[in-house]
Number of protein chains: 2
Amino acid sequence: MNVDTIYALSEFYKMFGDVTRLKILNALSDNSLCVSEIAEQLQMTHSAISHQLQVLRTQNFVKYEKIGKTVYYSLADEHIQIILKYGYEHIQERGSI
Amino acid sequence: MNVDTIYALSEFYKMFGDVTRLKILNALSDNSLCVSEIAEQLQMTHSAISHQLQVLRTQNFVKYEKIGKTVYYSLADEHIQIILKYGYEHIQERGSI
DNA sequence: TGAATATATGAACATATAATCATATAATAT
DNA sequence: ATATTATATGATTATATGTTCATATATTCA
């Protein structure tokens, strides 16, 4: 693996390495949701959610569609869910909880 | 997913979210290596490597065996490699590089 | 048009994290 | 026993990251 790949990989995995982002990804794994819905679900400010959604957009973890004044976010592709599921299984097996 | 799981998952993925740790994991994917070998391979101080190995130990990413005064580290299990490989493929497909 | 609503974003602040430096521990060799 | 080598670790420092606060933008509605 070359250096650029390593850097890209670390940026990629970093997305999963924050509780707020994981909660967002988890919330989006079922439905697409707008910023307000996510904020309410996570009990956090719109601003905090919006900032994290921007981070997730930068890494192409989420896609979005603007309808009127609300923006609906959803997971960019099934890889995200697969990786989440894999990590989840790993945690379960380990009994790290 | 409950809150504890989310926290454990974020801690788990955090391990992959740092360039130094990724390099260490990558280096260990072939062989087991001692601290000095890793340090030399990554061109970093023993101390920095040792600190990161401790972090990786905490999350059970690596196992180690002490022979004489040298400590040989290796990946704890094949999950680590699988997740690394999966992320790598994701990056490649995306053409994020 | 002006007010209200939804989201985005820049700056500031607080916290977390990684590397360094100094030192400690442990094993070996002289 | 003392010196050397390999690793570990605590404290400090520098940087990165996440949240908040204030404000901007965009869309809808009265």
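## Strand pairing in chain B

Val62(B) stands opposite Leu75(B), a residue of strand E3. The model in which this pairing is found is a predicted one. Strand E2 of chain B, residues 62-67, is joined to E3(B) by six bridges, and the two strands run antiparallel. They form a hairpin with two residues between the strands, and in this hairpin Gly68(B) adopts a positive phi near 65 degrees.

E3(B) also pairs with strand E1 of chain B, residues 33-34. Here two bridges are present, and the strands again run antiparallel. Cys34(B) has Tyr72(B) as its bridge partner in E3(B).

## Relation between the two chains

Chain B is superposed on chain A by a rotation of 180 degrees with 0.0 Å of shift along its axis, at an RMSD of 0.0 Å. The two copies are therefore related as by a two-fold rotation axis. Both copies use the same surface, since 100% of the contact residues of chain B recur in chain A.

## Helix packing across the chains

Two packed helices are described by the distance between their axes and the angle between those axes. The crossing of H2(A) and H1(B) is right-handed.

On the side of H2(A), the contact is made by Val19(A), Leu22(A), Lys23(A) and Asn26(A). H1(B) contributes Ile6(B), Tyr7(B), Leu9(B) and Ser10(B). By class, the residues of this contact of H2(A) with H1(B) comprise five nonpolar, two polar and one charged.

## The surface near DNA strand D

The largest share, six residues, comes from H4(B). By class, the surface near DNA strand D has 13 polar, seven nonpolar and four charged residues.

Terms used: Residues numbered from 1 in each chain as written. Chains lettered and ligands numbered in written order. Predicted model: local features only at pLDDT ≥ 70, side-chain atom pairs only at ≥ 80, totals over all residues. Least-squares fit on C-alpha atoms with pLDDT ≥ 70 in both. Contact = placed C-beta atoms within 7 Å. Helix = DSSP H or I, 4+ residues; strand = E, 2+ residues; numbered from the N terminus. Nonpolar A, V, L, I, M, F, W, Y, C, P; charged D, E, K, R; others polar. Left-handed = near helix turned anticlockwise from the far one by under 90°. Pairing = 2+ DSSP bridges.
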